[in-house]
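Subject: Model for you to look at

Dear colleague,

Here is the model I said I would pass on. Please open it alongside this message.

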Amino acid sequence: MSRRMLVIPPDSVEHKFLIRELIEELRHQEMFTQAIARIGGKPLPQTRMHKFIGNFSNKYLPADFLFMGSVSIEMVTDVYGNYARKNSQVYPVLRKMFDLHSIEEGRHIVFTKALLKDFSAKAGYIKRTLYSLSIVLNIYFLRTMYVKKEIFNRIGIENTEQVYKLAYNNFKQKFAEKCLGDLVEFVSSWNGFNGATRWAWRWLLGVKI
Ligand SMILES: [Fe+2]
Ligand SMILES: [Fe+2]
């Protein structure tokens, strides 16, 4: 976002919105950190692979690809945030956190979709294919961040390995069934599914398209 801000007019609506979004994303970081502290948790460090991909994409990918990635991640996190905040069994601090997150993410999604309309309208077959594949990789990356063996170790569960495997496969399946509907609709809206991309959606994300 800060890279994009350097190349657009400072008095444009887009510039104003990007400042707002940056402020809000930083606040989210603060909120997540405080929530982890409140429940007495200890943050899980990034894996080397996550660090490498994060650094690489931030440094080298063009703005339109980064915005495609961020809106797709926001759309998916919004869906499971909604499941969490509506579930009375979830700890109230976490539900409140998802409430606040959802309000601000809703704004980001509307803005980024509007911004990307221009990019996707101009995109030909190859660009649309690359957008679609980069979204698959973003979501695949996101999915690897949740079910971690270390969490089961920490809570002292027996048969850690088996429980972890079951939980991982269950998450993978539920994720494909319940969390990707909005995203599939978004990608269809600019014809991002074609012979060169469908396999990746099916194979890596388990989406039935
Ligand atoms: Fe956020
Ligand atoms: Fe956001």
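This is a predicted model: local features need pLDDT of at least 70, side-chain atom pairs count only at pLDDT 80 or more; totals for chains, interfaces and linings use all residues.

Helix H5

Helix H5 covers residues 92-122, which is 31 residues. H5 does have a bend of about 30°, located at leucine 116.

Five names make up the buried set of H5: Met97, Phe98, His101, Glu105 and Thr112. The cover over these buried residues includes helix H2 (13-38) and helix H4 (63-85).

Two packed helices are described by the angle between their axes and the distance between the axes. For H2 and H5, the axes come within 10 Å and cross at roughly 160°. That angle is over 145 degrees, so H2 runs roughly antiparallel to H5. The crossing of this pair is left-handed.

On the H2 side, the residues that meet H5 are Glu14, Phe17, Glu21, Glu24, His28, Met31, Ala35 and Arg38. On the H5 side they are Val93, Leu94, Met97, Leu100, His101, Glu104, His108, Phe111 and Leu115. Met97 and His101 are on the H5 side of this contact, and both are also among the buried residues of H5.

For H4 and H5, the axes come within 8 Å and the crossing angle is roughly 150°. H4 and H5 are therefore roughly antiparallel to each other. The crossing of H4 and H5 is left-handed.

Two asparagines in loops

Asparagine 159 is not a glycine, yet has a positive phi of about 50°. Its place is the loop between helix H7 (149-154) and helix H8 (160-178). Is asparagine 159 buried or exposed? Asparagine 159 has 10 C-beta neighbours inside 10 Å and therefore counts as exposed, the limit for that class being 12 or fewer.

Asparagine 191 also has a positive phi, of about 55°, without being a glycine. This residue sits in the loop between helix H9 (181-189) and helix H10 (198-205). Asparagine 191 has 14 C-beta neighbours inside 10 Å, so it counts as partly exposed.

Regards

Conventions. Residues are numbered from 1 along each chain as its sequence is written. Chains are lettered from A and ligands numbered from 1 in the order in which they are written. Helices (H or I, at least four residues) and strands (E, at least two) are DSSP runs, numbered from the N terminus. The expected span of a helix is 1.5 Å times one less than its number of residues. The bend at a residue is the angle between axes fitted to the seven residues ending there and the seven starting there. A residue is buried if 20 or more other C-beta atoms lie within 10 Å of its own, exposed if 12 or fewer, and partly exposed in between; C-beta atoms are placed from the backbone. Two residues are in contact if their C-beta atoms, placed from the backbone, lie within 7 Å. Axes are lines fitted to C-alpha atoms, for helices over the stretch in contact, and angles run from 0 to 180 degrees between N-to-C directions. Angles under 35 degrees count as roughly parallel, over 145 as roughly antiparallel, 65 to 115 as roughly perpendicular and the rest as oblique. A crossing is left-handed if the near helix is turned anticlockwise from the far one by less than a right angle, and right-handed if clockwise.
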